[in-house]
Amino acid sequence: MGWNYPDISFEQLMKLAKGFVDILILASGYQSSGLPAHWDADNISRAFHWALFFENVVTHLCNVDIYQDSVEELDAALFEMTSDPSFPQGLAHLSSATLRRARGFILEHFIQNLPLRETHLRAVLTAAIEMDLSDLSETQHDNLSAYLNKLTLQNTSLKQVQHRSSGMKDSIMSSQDEPPTNENEKCSGDDFTPLAIQELIRRQHAVSCISTAEAVLDKVSNAANCSICKSDFILLGEQLKHDSQLAFMGSEEMSVDIFTWNQWKSRALSYFIDKKTIRLVSGASLIFSGSKNQWVQVFQQLNISDGNRTDNLLEMVELLLLGCIASRWNSLVEYLMSVSYDSLPVSNQYHLLCNFVFGRSLNFPQKEDSMNSKECGILDHLTGLIGGQLHLLWKISPILVAVSIPSWSPLFRFYLSEIESQVKGDPSIKRCWSCGQDKGHKDCELAEKIWCLYIFHVCDSQIIHNGSGA
């Protein structure tokens, strides 16, 4: 039968739905240009009116049997709209069920999706209270007293919501994945304040969970470093014995001492489980969850000023590198923790690395066999962004460069050729590859880069190309 709702045409409703999507995008805190979106109480109140309009219309449609065909047509049109590659992926679940609880949905965007500054929080609460008071004034002579009495009666219900949200599952589950609660379904037009309080409770608990996770992460990092330090003493005897044998045999190549090796492993592991890195990889996962056109626009719209151009480029390069390995994060960390001490001199590691990379070009799988199309797209964009500015990779954590760029990539060959030029250009490098003194020492940094490439590309290349799970 198609659309048969008499109060508004299908075309008008879809036009308004597209406008509501624009409001939701701005409610998330940013304009399409990437600049911050600023909201005051008046504009937030207008957004609430939009949400209330959709709740009323869609609820009426869903509650009357003769309008079920209209609901199906609305869902089909919304699905077609959200399936467009340029549609915001964070709103891809938009449907009649979402619009039926539009107030809670838009409040989530106002409260959950951006830094909750005091001015923004005040504007949201002011708009919510004014909406509730305005609706009560239509039926109550003393709307303020009625409002306060209603809040008092709802206090017990809100405490129950807070108690339910105390579980980890509720705190990490986004509201779009949850069915509408009974409280949300029964809310009338004067219930914006309780909804706002519920969202604030959810945000508060989410922040608490994040703080707890960060504290645990710090303990894991400290425990990992302590474990590596303890292994120094266990392997020191073996190291001294091995070095004395080399000296007795008159070997010209000094093996990597256990302290230097553990310093490299500790720095690599510390980078992977650092709080900043975790946030960056989470952000990279979100950015690259969209289509290529969308995430390319994100990078193109970054406002790069002359004063901090290099810093911004470094952040973009790091995000792109993390995007290449986000799906293999767990397996990369697990492998790094499992790597055992190897006394092989760095010069030998370097030669093995070169033989591995340049000696397997004929039988190495093509890139489409080792990386998915999304990762290939990220790598292509990264290569274009870097151009001839190899110094950008030199300033990134060597372990990230090693695991992110596959050996078949021209960018990897470019990176390895720069290492080769430095190795051949300075004969003194061989004499201090295992000095282990100053981590800022140029030659030791070069040795660390070679070690990172060696343990991932030579020792276990499977983790680079076939790892999974994040």
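User: Taking a crossing as left-handed if the near helix is turned anticlockwise from the far one by less than a right angle, and right-handed if clockwise, which is the crossing of α1 and α3?

Analyst: The crossing of α1 and α3 is right-handed, helices being DSSP H or I runs of at least four residues, numbered from the N terminus. This is a predicted model, with local features needing pLDDT of at least 70 and side-chain atom pairs pLDDT 80 or more, while totals for chains, interfaces and linings use all residues. Residues are numbered from 1 along each chain, and side-chain values use heavy atoms, without hydrogens or water.

User: And which residues of α1 and α3 meet?

Analyst: From α1 (residues 10-27), Phe 10, Leu 13, Met 14, Ala 17, Lys 18 and Val 21 meet Glu 73, Leu 74, Ala 77, Leu 78 and Met 81 of α3, contact meaning heavy atoms within 4.5 Å.

User: Switching topic, which residues touch the most other members of the largest nonpolar core?

Analyst: Leu 321, Ile 325 and Leu 393 do, in a core of 70 residues, and helix α14 (residues 309-325) gives the most to this core, with ten residues. A core joins buried (under 20% relative accessible area, 1.4 Å probe, protein chains only) Ala, Val, Leu, Ile, Met, Phe, Trp, Tyr and Cys through side-chain atoms within 4.5 Å.

User: What does Leu 393 touch?

Analyst: Leaving aside residues up to four places away in sequence, Leu 393 touches Val 317, Leu 321, Ile 386, Val 401, Ile 405, Leu 411 and Tyr 415. A second, separate core of 46 residues includes Phe 10, Leu 13, Phe 48 and Ala 123.

User: Why is α11 largely enclosed?

Analyst: Eleven of the 15 residues of α11 are buried, so the rest of the structure largely encloses this helix; among the buried ones are Trp 261, Trp 264, Lys 265 and Phe 272.

Conventions: Buried means under 20% relative accessible area, exposed over 50%, partly exposed in between (1.4 Å probe, protein chains only). Helices (H or I, at least four residues) and strands (E, at least two) are DSSP runs, numbered from the N terminus. Axes are lines fitted to C-alpha atoms, for helices over the stretch in contact, and angles run from 0 to 180 degrees between N-to-C directions. A crossing is left-handed if the near helix is turned anticlockwise from the far one by less than a right angle, and right-handed if clockwise.
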